[in-house]
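Please read them alongside the coordinates.

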Amino acid sequence: MIDQNEGFSNLDNLYKEVIMEHYRQPSNKGTMENPDAVSEGYNPLCGDRVKIMVRINEQGQVSETRFSGEGCSICMASASMLTDEIEERELGEVLKSIEQFRSVMKGESDVALLDGDLESFGGVRKFPIRIKCVLLPWTTLNDAIKEYRKKTPG
Ligand code: ZN
């Protein structure tokens, strides 16, 4: 794990608190039997590892999500917020949210597009090394959904 303070210590205190809150008490951390979509991601720059598991209902909506793994506070908090964010959402919408979040984190879209707890990652954009920590759960979910769609036509 890279220095927790790289970037993190420069974040606004309120945002830091939101991130630490998710890190200490993550939403949907755990495991799932026979998930419909699953993928594992690794960020060699920091050592973050995350596995995202998703249950998808007949309407093509996310009905349950779990994540497991080990990583820095930013990565784990991001996974927690992601799983909150996609609850009961349709897969196409989820893919759009992932794309939008990615483009904001990469500085291609306005930071004002982030809402709720996700706002706390706006300040991380200044620290390229931490952007990968934030994005890992999102790109991992993206892989899981793409894989699911490949084996589930229609
Ligand atoms: Zn990290």
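1. Contact here means heavy atoms within 4.5 Å. In that sense Leu141, not counting residues up to four places away in sequence, touches Ile52, Val54, Leu82, Ile86, Val94 and Ile98. The model is a predicted one, and the points below should be read with that in mind.

2. The protein chain contains four helices and three strands, which follow one another along the sequence in the pattern α-β-β-β-α-α-α. Its C-alpha atoms fill a box of roughly 45 × 30 × 25 Å along the principal axes, and its radius of gyration of 15 Å agrees with the value near 15 Å that a compact globule of 154 residues would have. Of these 154 residues, 47% count as buried, while 62% of the contacts between residues at least 6 apart in sequence join residues at least 24 apart.

3. The three strands form an open sheet in the order S1-S2-S3, with antiparallel pairing. Strand S1 (37-43) and S3 stand at the edges with a single partner strand each, so one side of each is left without a neighbour in the sheet. Direction ignored, neighbouring strands of this sheet are turned by 15° against each other on average. The antiparallel pairing of S2 and S3 extends over eight bridges, and Ile52 has Phe67 in S3 as its bridge partner. Helix H2 lies across S2 and S3, running at about 175° to S3.

4. Which residues touch the most other members of the largest nonpolar core? Among its 42 residues, these are Ile74, Phe101, Met105, Phe121 and Leu141. Helix H1 (13-24), S2, S3, H2, helix H3 (91-105) and helix H4 (128-151) each supply at least two residues of this core, and its largest share, ten residues, comes from H4. In soluble globular proteins, nonpolar side chains tend to be buried together.

5. The zinc ion has as its protein donors Cys46 (SG), Asp48 (OD), Asp48 (OD), Cys72 (SG) and Cys133 (SG), which lie 2.2 to 2.7 Å from the ion. Along the chain, the donors follow the spacing C-x1-D-x23-C-x60-C.

Key
Residues numbered from 1 in each chain as written. Predicted model: local features only at pLDDT ≥ 70, side-chain atom pairs only at ≥ 80, totals over all residues. Heavy atoms only, no water. Donors = N, O, S within 2.8 Å, 3.2 Å for Na, K, Ca; no water. Pairing = 2+ DSSP bridges. Axes fitted to C-alpha atoms, helices over the stretch in contact; angles between N-to-C directions. Core = buried A, V, L, I, M, F, W, Y, C linked by side-chain atoms within 4.5 Å. Buried < 20%, exposed > 50% of the residue type's maximum accessible area, 1.4 Å probe, protein only. Rg over C-alpha atoms; globule rule 2.2 N^0.38 Å.
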